[in-house]
Amino acid sequence: MDKTYLEQLCQELLKTEKLNDTDNLVLRFSLQGKTYQQIATSCSYDNDYIRDVGYRLWRKLSKQIGTKVTKKNLLSVLQRYTSEDRLESPLTLSSIDWGTIVETNDMYGRNLELNNLKQWILRSRCNLVGIFGMGGIGKTLLAARFAKECQTEFDFVIWLSLNKTPAIETTLTATVNYIAQQQAIKITLPQDLNEIIRQFTYYLRQFRCLLILDNFESILRAKKFDNGSWEHNYRKEYQGYGQLLETIIDYHHDSCILLTGREIPSNFVSLSRNSPLVYSLTLSGLNISECQKIIQLAGIIKTSDTSKERLIEKLINYYGGNPLALKIVATTIVDLFNGDLEEFWHSEVRLFGEIQDLLDQQWQRLSDAEQDVMYCLAVARAPISLKNLEDNCLSVSSRSQLVTVLQSLKHRSLIARNIKGFTQQPFVIDYINATK
Ligand SMILES: Nc1ncnc2c1ncn2[C@@H]1O[C@H](COP(=O)(O)OP(=O)(O)O)[C@@H](O)[C@H]1O
Ligand SMILES: [Mg+2]
């Protein structure tokens, strides 16, 4: 979740407490996962003093939230607090209100991907782009970075997370209302979805808009392959989002919908095949040197010790260069293992907290056939050929069903293909072997 938003939330909760600069620093750095020692070093304060400031902050926050807050559980308590809050809160749109969007400064690598987005959206003026990939791989950060760097190219940049699964009517009405308000235009919005979409496309033609729909998978159906076929995979009440994607490429305009998601929507595949105005980007893990920077930022100091460097590389490969997993692991190594990589590695506790949650979420969305194929791959612990999978996955009835399932798993970024066969990330293999 966006740290700047959480920081503002805490400041709002503690507004009667008149936080000073040090309070704000400790709050910000703690939300970024920094240790007290790192905070003290970066602002040249005494470690005990910073720790004290932290204790006081958590006590005050505990009182406001009504739950015990500690430095360790800060993020999870705030996330729970905001998601409870969300149930009643109306849909909020942000237009270039970067205060509510992720902090984009610490982004390593992704230059190629960022340039692709610029090429497609700014120069080719395409209308629809999807950024796909596993949870934690960096989709939101990349979309935010693109939007931030290129905001001046657009009349409106609107950011909307579909986490709260708003109805398509709500999303479009809020967007159109927002644009109209900014232009001081009075409008009456229709009730009918086709009419709302029509009005929305009218504004896309009038103004150059970038509409970012983050967490698009929230409105897609889980377990779509139970009958083994490739179906339209929007949740019943969210089919309108599919209709929206299909409609916006039918009109001539310079606006763009940029969506991010853990899964590729089924109609997106055919749209990108048939239209030159639709592009997609599937993010894979960061490379070793980019991951090393993430690990260092969390407080693991770079050394010339080759065995330590080798262990870091092992860690990076294990988590497939997933920045979120590496951030969590590196912070845990600093906080609980005193920075000792070897001790962490030998503890064999590698799937925990948010990493476990992330894998649980992805796993629970799989159909029986998909889980079965994932399991066959995980048991083998080595690349497997199509033929081999066919012989081993008993629940898959035909080769064509197997291919469909593999395609779906690929669209969810859960498997990859190399010259020897189909593969999974080592941490995914361990997760499945421990789950099944
Ligand atoms: N290229 C990157 N460099 C540094 N940190 C990154 C990078 N990509 C992602 N992160 C960090 O990893 C975490 C997950 O990224 P996020 O964009 O939220 O992933 P996703 O949207 O794919 O689930 C965030 O804390 C983010 O700041
Ligand atoms: Mg995201």
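Author: Angles between axes count as roughly parallel under 35 degrees, roughly antiparallel over 145, roughly perpendicular from 65 to 115, and oblique otherwise. This is a predicted model, in which local features need pLDDT of at least 70 and side-chain atom pairs pLDDT 80 or more, while totals for chains, interfaces and linings use all residues. Residues are numbered from 1 along each chain as written, chains are lettered from A and ligands numbered from 1 in written order, and side-chain values use heavy atoms, without hydrogens and water.

Reader: How are α16 and α20 oriented to each other?

Author: The axes of helix α16 (residues 353-364) and α20 come within 11 Å and cross at roughly 70 degrees; axes are lines fitted to C-alpha atoms, for helices over the stretch in contact, with angles from 0 to 180 degrees between N-to-C directions. The two helices are therefore roughly perpendicular.

Reader: Which residues of α20 meet α16?

Author: Contact means heavy atoms within 4.5 Å. By class, this contact has seven nonpolar, two polar and one charged residues. From α16 come I355, Q356, L359, D360 and W363, and they meet, in α20, F427, V428, Y431, I432 and T435.

Reader: At what angle do α12 and α13 pack?

Author: Helix α12 spans residues 288-297 and helix α13 residues 306-318, and their axes lie 10 Å apart at an angle of about 100 degrees. This makes α12 roughly perpendicular to α13. In the contact, I288, C291, Q292 and I295 of α12 meet E309, I312, E313, I316 and N317 of α13, a group of five nonpolar, two polar and two charged residues. The angle asked for is about 100 degrees.

Reader: Why is α10 described as largely enclosed, and how many of its residues are buried?

Author: Buried means under 20% relative accessible area, exposed over 50%, and partly exposed in between (1.4 Å probe, protein chains only). The buried residues of α10 are G240, Y241, G242, L244, L245, T247 and I248, and they pack against β2, α8, α9, β5 and α11. Helix α10 (residues 239-248) is largely enclosed by the rest of the structure because the buried share of its 10 residues is seven.

Reader: Is I137 buried or exposed?

Author: I137 is placed in the loop between β2 and α7 (139-150). Leaving aside residues up to four places away in sequence, I137 touches R110, L283, S284, G285, N322 and P323. At 5% relative accessibility, I137 counts as buried.

Reader: How far apart in space are I137 and I179?

Author: In sequence, I137 and I179 are 42 residues apart. In space, from C-alpha to C-alpha, their separation is 32 Å.

Methods
Helix = DSSP H or I, 4+ residues; strand = E, 2+ residues; numbered from the N terminus. Nonpolar A, V, L, I, M, F, W, Y, C, P; charged D, E, K, R; others polar.
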